Amino acid sequence: MEPMSATAGDRGRGGFLPMLVKPDWLGPEAADALLRYAIEREMCYEPAAVLHEGAVRVDANLRSALKLPSLGPFEALLRSRALDIKSELQQAFGMNPFEATQVEIEMVSHGDGAHFRRHVDTFLGPVRQRRPRILTLVLYLNRRPAGFTGGALRMYAVGTSQTRDILPDHNLMVAFPSIAPHSVEPILCRDGAFADRRFAVNMWIHG
């Protein structure tokens, strides 16, 4: 397993697809406010679903997480920031330019035992989208010091058994092509406090 620097950009090597990691992606006040918003709406979360074998369903064996249905006043800010960095990501990843047709956003929280098994974010096969996800961005949020351990974003090399882990940190953003295989490794949050969970905003730019 290969660790990844929190300030790194990578065009892809050793079978890994390219990725970009940026600390302090939002201003500190905006990141802290977004975390407070996520924590204060504890009662609004619902089980996160997964697309598997052509059907969207809740399956805790594949994905164990809670999803917040709306990010309210933060949706516009996050959409704008995702679109602002789109050209930089295209260039860093060696992608052909494309027109963004949608920015899909979800907030998720991960408590003790939460995980998401290896998957890709682009819908493939018979459920292929007309306007597919092209770029994935993940923004991490958590109290400091963190009240959990684990929960690494694990990236998988194509054609080899190598993996690379990125540890979540408050206001850290990780971006990669949506076809890149990845997983969320299990979280340990034994005291059960909702505010101590691992929070993440998933953003997908569709082409």
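Reply: First, helices (H or I, at least four residues) and strands (E, at least two) are DSSP runs, numbered from the N terminus. Residues are numbered from 1 along each chain as its sequence is written. This is a predicted model: local features need pLDDT of at least 70, side-chain atom pairs count only at pLDDT 80 or more, totals for chains, interfaces and linings use all residues, and side-chain values use heavy atoms, with hydrogens and water left out.

Me: Where does Pro 145 lie, and what is the peptide bond from Arg 144 to Pro 145, cis or trans?

Reply: Pro 145 is in the loop between strand 11 (133–141) and strand 12 (149–150). Omega from Arg 144 to Pro 145 is near 0 degrees, a cis bond. Most peptide bonds are trans.

Me: What is the mean pLDDT of the chain?

Reply: The mean is 91, and 91% of the residues reach 70 or more, on a scale of the predictor's confidence in each residue from 0 to 100. Over residues 1–7, though, pLDDT stays under 50.

Me: Why are helix 1 and helix 2 called oblique to each other?

Reply: The axes of helix 1 (residues 28–40) and helix 2 (residues 74–93) cross at roughly 135 degrees and come within 12 Å. Angles under 35 degrees count as roughly parallel, over 145 as roughly antiparallel, 65 to 115 as roughly perpendicular and the rest as oblique. Helix 1 and helix 2 are therefore an oblique pair. Ala 30, Ala 33, Leu 34 and Tyr 37 of helix 1 make the contact (heavy atoms within 4.5 Å) with Phe 74, Leu 77 and Leu 78 of helix 2.

Me: How do you know that Lys 22 and Glu 88 meet in a salt bridge?

Reply: The term needs a side-chain nitrogen of Lys or Arg within 4 Å of a carboxyl oxygen of Asp or Glu. Lys 22 and Glu 88 sit at 2.9 Å, N to O, and the pair counts. Lys 22 is in strand 3 (residues 19–22) and Glu 88 in helix 2, so the bridge ties together parts 66 residues apart in sequence. The whole structure has 12 salt bridges.

Me: What makes phi of Asp 24 worth a look?

Reply: Phi of Asp 24 is near 50 degrees, a positive value in a residue other than glycine. Most residues other than glycine have a negative phi. Asp 24 is in the loop between strand 3 and helix 1.

How values were computed: Axes fitted to C-alpha atoms, helices over the stretch in contact; angles between N-to-C directions.
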